[in-house]
Amino acid sequence: MQFTRTLPKELVHRAAVAEVFLTDAERHGESEVMLAAQLPRLHAFYDDTLGPRTHHDPLLLLEACRQGIFVVAHRYLNVPLGHKFLLRSVEFEVPDPAALECGDAPTEAVIGIRIEQRFRNRSGPTGLRLRFTASIGAREALLARIDYSWMPPQDWTRMRAGQRDALGLSQLPVALPGPRIDPTLVGRRDPANVVISPPCTSGDGIRTARLVAETAHPILYDHWVDHVPGMLELEAFRQLAVTAAHAEGTVRAPRALPVGLAVRFRCFAEMDLPLECSTAPVLPGADIECTLRQAGYLVAEARIRLADRVRADLAGVGAGPGTHRSS
C-alpha cells in the first residue's frame with residue numbers, strides 16, 4: 001500500500017486536505033477492504049497535550065477509521081457523494097498501547113476493514129457495521145467497530161426540518177456560547193480545544209458539564225454540519241471523564257489516554273439547545289459511565305477507560321469497553 005499522497009478529500013468528507021489521514025485503499029473480496037493511513041507528527045487538536053507527547057491519541061487513529069466508513073460506502077458500494085451519513089455506534093480498544101508510541105517520522109498504519117453486517121430497506125443498502133483492525137508495523141494499535149447509515153440529501157433535509165420544528169428551533173442552527181473549563185484541567189494547552197464547561201459535582205459523585213460547540217473550530221467543524229458532530233460528543237465524554245478520574249485519583253494526570261470506549265448515539269444533538277454531559281461516580285478499576293442529554297432526551301451514552309501516558313501504566317492495559325475479539 002502507498003503512503004505518498006492522500007485520498008481525495010471529498011471521498012472522506014473533509015474540507016481541509018491536512019485533515020485527510022488516509023493515503024490508499026484496496027478491496028480484498030466482497031467484505032474486506034485495506035486502508036493505508038499516515039498520522040501527523042504534530043496535530044493541532046489530537047496532539048494538544050500537556051507534558052511530553054509519548055503516544056499518539058487513540059482518537060486520532062479512530063478518526064482515520066471513521067474516514068474509512070466513507071471510502072467503503074462511496075468507492076465500493078457506489079453510495080453517491082451527496083448522501084448524508086449518520087453514526088449509530090462507535091467502540092474501540094487499544095490492545096497494545098506501545099504501538100502508539102510517537103517516533104521521529106510520521107506514523108504509517110494499515111487498517112483492515114471487514115463488513116460484519118449490511119442494513120437494507122426496500123430501496124437498497126442503508127448502512128453498515130464495520131470492524132477495524134489498525135496495525136502499526138507488526139503491532140495491533142486499535143480494534144474498532146462502527147455502525148453507521150446514510151440517506152439521500154432530500155430525505156435528510158426533510159427529517160432534520162421536522163426534528164428541529166418539533167423542538168421549536170429555527171431552520172439555521174446557531175451554536176450556544178458558554179464558558180469553558182481551564183484547559184489544563186482536561187490536559188490541553190490550547191483553550192480552543194476545550195469542549196466542556198466547568199463541571200459541577202453532586203454529593204453522590206455525579207459530575208455534570210455543558211458541551212460547548214464552536215462551529216469555527218477548524219477540525220471539529222472541518223465543514224459545516226447542522227448538528228453536534230459525533231466526534232465532538234466523544235471528545236466531551238473524554239474531557240469530562242478525565243476531570244472526574246483525575247479528581248478521584250484513578251489517573252495521575254489529566255492528560256490520560258482513552259484506551260477503551262463504547263458509545264451509542266440515540267438521537268441528534270442540537271447545537272442551539274443546552275447539552276448536558278454527565279459521568280456516574282468514578283470507581284477504581286471500572287470504566288467511567290457517561291451520558292449526554294438534551295431537552296429531556298438521552299442523546300448518547302458511553303463507557304470509557306483511561307490510562308496514564310507512562311509506559312509502566314500502559315504496559316498492562318488490556319481490552320477496554322470496546323472489545324470485540326470474541327464476536
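Predicted model: local features only at pLDDT ≥ 70, side-chain atom pairs only at ≥ 80, totals over all residues.
Colleague: Which residue in the turn between β11 and β12 has a positive phi?

Modeller: Strand β11 covers residues 288-294 and pairs with β12 in the antiparallel sense over seven bridges. The two strands form a hairpin with two residues between them. The turn residue with a positive phi, about 50 degrees, is Ala-295.

Colleague: Which residue of β12 is the bridge partner of Ala-262?

Modeller: Strand β12, residues 297-307, also runs antiparallel to β9, residues 257-265, and eight bridges join them. For Ala-262, the bridge partner in β12 is Arg-303.

Colleague: How many helices and strands does the protein have, and why is it described as compact as a globular protein of its length?

Modeller: The protein has four helices and 12 strands. It is as compact as a globular protein of that length because the globule rule gives 20 Å for 327 residues, and its radius of gyration is close to this, at 19 Å.

Colleague: What percentage of the contacts between residues at least 6 apart in sequence join residues at least 24 apart?

Modeller: Of the 327 residues, 53% count as buried. Among contacts between residues at least 6 apart in sequence, the share that joins residues at least 24 apart is 68%.

Key
Residues numbered from 1 in each chain as written. Heavy atoms only, no water. Pairing = 2+ DSSP bridges. Rg over C-alpha atoms; globule rule 2.2 N^0.38 Å. Buried < 20%, exposed > 50% of the residue type's maximum accessible area, 1.4 Å probe, protein only. Contact = heavy atoms within 4.5 Å.
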